[in-house]
Amino acid sequence: MFLRLCALLCLAVLSAAARAGGPAPFDLAGPTLDMVVTRGKTILPASEVPNLAEGDRIWIKPEFPETQSAHYLMVAAFLSGPTNPPPEDWFVSCKTWTGRCAREGLTVTVPKGAKQALVFLAPETSGDFKGIVGAVRGRPGAFVRATQDLNQAQLDRSRLERYLATVHRFERGDPAVLREAAPLLARSLAIKVDEKCLDRIPQLQAACLTQNQDGLILSDGHSMSIAETLTSGPVADLVMAASVTPELGYGVYSPYIASVLDLVRIFDSFSTAQYQYIPALTSHRGDKLALTLNTPPSFHSPKSVLVVALPAIDAAQLPPLRAINPADIYCASRSELVLPVEGAPLAFSTRYAHDITLTLKNQDGKTVRLPALADAARGGYVVNTAGLKSAALGDTLSGFLEGYWGFDLYRGPGFQLKNARSVAWTLASDDEDALIVGRPDTIHLQADSASCVDRIMLRDAAGKELQAQWKMLRPGEVEVTLPLQDAAPGAMTVLVAQSGMSEPHAIPIRVFASAARLDSFVLHAGDAQGLLKGSRLDQVASLSVGGVSFTPGELSTQGSNDALTMLSADAQAAAALSASRQVPAQVVLGDGRTMNVNAVIEAARPRVGLIGKSITRPESHTAGGIELGHPDQLPQDARLVFSVRAQVPAAFARDQAIEVAAADESFSTLLGIGNGGVRLENARVALVTLDPAKAFGFSAFGPLKFRARVRDVAGDWQPLATLVRLPQLTELQCPENPERACKLSGVDLFLIDSVSGNAAFEKAVQVSDGFPGASLPVPHPDAGRLYIKLRDDPSVINPVQLEVQTLPPAADDHAQAAAPPAESPPAAAGDSPQTP
Amino acid sequence: MRLLLLLTLTLCAGCASYATPGGPAPLATMNAADAEAVAAARPTLSFPVSINLVRIQAADYESFSAERLAGGSFSVVAPAELAAPQALRAVAQWPLVSAVEVLRPALLPARLESLDDLRLAAAKNLADVLIVYTVDTRFESGGVGLAPRAELSLGKSPSPNAAVASTASALLIDVRTGYRYGMAQANARVDDLADAWMSAAALDRTRVDTERQAVIALLSEAQKIWNGIAGPGEFAHSLDSSWTAAR
């Protein structure tokens, strides 16, 4: 029933608050309190005291401006819980404007049994002290709750203030640094950071990051345990529900919002005709406590009484600091060593954790303590290691953060450290031959510890040093990106500068020209050569597979892909390699690097043997009188039939074909069983029929070759014939005078290379290229026969059997030198028919 | 107090006598008395630091010109005549010192019992380090040291061996924990008192000058201690004392 009533009450308050746009912000500056707490022999300023204890002596003195006209009565009060009104002697008053209090302040001792402490600053009036005593003793539970909420709000606000101050500090400096610091701030202070803000231009980042300030504060269990606030229950639930409203921060549960809302409710209920109580949050200004109000004080009835919560009177709640990564190893020699920690935002936002040191043992067992300062923007404790310079420390150190939380000794997380020393850096074996110029390349450096690395440089052969980007992958390994874009191949040096070492450690490296890429090496069983594929194969010096060495042959390039024929000097050994899909092969490059490639030894390539061939010309095309001078000449209009015997494989397969092509493979045809080009005599013998004009067209000429092919695997080429095109010679007219030239007429005379009148081909006439005419002057045949060389096979002399028509002598026979009335050859310079 | 002294001087002008100053505070004894209690204390300096100075003397200290501000088992004496701005400025030049001032009398308790009372007053003034010093000034006549508050007859030529000697001692204390950073001592001496022997005021000026010299020398010695605390790379070693106990 009580819970229901409480929930309804809170709902009403929250609704009102939401309608009003949330509680008024604490942005009015109030007076400052000087406060010192003595416990035993130790005296601490209030800024370093997270909790009070019975017997503590508290000295408080408010600081008012010199022009302060209103007189404030200061009342220190102690409470012993919500259900027990405190005795009257737990209230001590002090007139701040006169007498001893004005000079010396107020000193009180925390009484036994006290749980909470409050300070009231009330405007001077009659009955002021009694009024406060009565109010507190009448409703101790409300004041207990107010104390808890004030403390909670103060602790939360300390985080927010530290966050805002740091963000604005970076904003005034280099805004770009904010991008790096913001996530660390968020982690250290448990503050919500909108990462989208970091995508804005630097000048707008700070403003974005500090929007909706109250909603930025995330829950911190440590603060709640210190403030003794409730972390569950209907009030907290309702506050969480309310916090999703636009007025309260769009879903970010903020304990600060919860505390402030609760304060509004509680303090509203305190109001009397004489006094209204207004909350005053304390924040640390150096060692002083600055009061901040959310309600303007009133000096008319009801007059405003400022209520200030002192730290809870309770056992110390030590900060649950933990190392971000306990396995990390840090460099003890770094002048500013950052030890990343999290889990206790108050360690970053307050001075409660003070006199923190990194405690180390030296080799003699002596304790060395290094001052450590919490730095939220760097995400941990920053340790000044200057004091280590002359300390005799070993290579490996174990240390821990140690200091005080208020009056209590505090021991924090431990850390592993390495002292700077000359370590043996090694280049990862995979990187040794992998550095290529022309692009940034990555290497991995390994040592027993990389924690002391400060920077890494790349020095070229000329001594020029370039900064290298690096990052630590593991405690003993760094990844370095070397700027090799403009580097030249050759020897270079990586310089690793470490904290505490005067000279960088030099690691010689070798960088290479763009590396050859090896895709495959394919060799057919029985072959003495294989094909290596990849890129930049011009760097290949040799290849070895199965104990057989190959040297580079012809290199062909298509785009970025190369194909390199690899030839074996020992053809017999190469031929002995048996077919296998996985054979390791080693390639040696010209600069000495070795690379591995997988070799594939395929089955032997198909091979056939030529048995015989015959050429058949159509009857109508033999009247030109040209007799072919060599049996390998294949007139274009003829038909070639040749027979082959299967060798590898031993019998013809159905998908086996015979490929016929020109010498330069500019044209080719595939003759198979399917297209009728191949007819099997039996399983091992086949007859292949080639119709050149049909297969290749008019413009094909020259030597032909053929090979067997089974799907994509082809055998070796073998010579087949020489394809020649023949002119059609129609008439030969000669004068009687043998000294005079004859006239040869016909079609396609440009197919003739040269013409002679004797078998020895003496005094031949060269036909100019591209001769378009229908007749040309030729030498007088010695024995009634002309001899020609065809342009398609000029090595062969072909007799021409053509009837010679004798021309009657002309009238100017004596005057004519030799020119018959033939057409002139083409006018191209140097192309005129020549007569020896 | 000052008015009373002037009146006495006027009335006793014909008397021509001078009372030597009171004795020093038993600084070494006070330090030793606290030694066990602060043995486990740890230095807590967060640089830069604020330093307060306070001069203490014997409980019944009196002098021709000094003013006693607070009493008890020892007394606090207004140090204005010794801690001149020049001396304060010198301390302000020490490394990692942000502020220097004389301990404010208003912060002192009504009765002084121990050094902790001074620490608390310095803490209220938000100081980090307290320099407590005392001056032991002795007049000598005929080669014999005179007791504090001894009466000297003036007007005649002093003893050929008349002299005034001051020994200033200081203790550097961590305000928060009471940790002792160190103790320093320095001396000053004036042997020729012939000119000053004519009047009490002149003789007291000589006494004050001697004490000032001693204090200046003392602060020079104290700076050596401070350099060992705040000098580069020194802080870690100043923390080498093994401590484990909670405060």
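This is a predicted model: local features need pLDDT of at least 70, side-chain atom pairs count only at pLDDT 80 or more; totals for chains, interfaces and linings use all residues.
Residues are numbered from 1 along each chain as its sequence is written, chains are lettered from A and ligands numbered from 1 in the order in which they are written, and side-chain values use heavy atoms, leaving out hydrogens and water.

**View 1. The Cys734(A)–Cys742(A) disulfide.** The two sulfur atoms sit 2.0 Å apart; a disulfide here is a pair of cysteine sulfur atoms within 2.5 Å. The link is right-handed, with 115 degrees about the S-S bond. Searching the whole structure turns up three disulfides over all chains.

**View 2. The Cys331(A)–Cys452(A) disulfide.** Here the S to S distance is 1.9 Å. The S-S torsion is about 95 degrees, so this disulfide is right-handed. The pair ties together distant parts of the chain, 121 residues apart: Cys331(A) lies in strand β12 (residues 329-331), and Cys452(A) in the loop between β20 (441-446) and β21 (453-459). Strands (E, at least two residues) are DSSP runs, numbered from the N terminus. Cys331(A) and Cys452(A) are both buried.

**View 3. The Cys94(A)–Cys101(A) disulfide.** In this one, the sulfur atoms are 1.3 Å apart. A torsion of about 65 degrees about the S-S bond is why the disulfide is right-handed. Cys94(A) is buried, and Cys101(A) is too.

Terms used: Buried means under 20% relative accessible area, exposed over 50%, partly exposed in between (1.4 Å probe, protein chains only). Helices (H or I, at least four residues) and strands (E, at least two) are DSSP runs, numbered from the N terminus.
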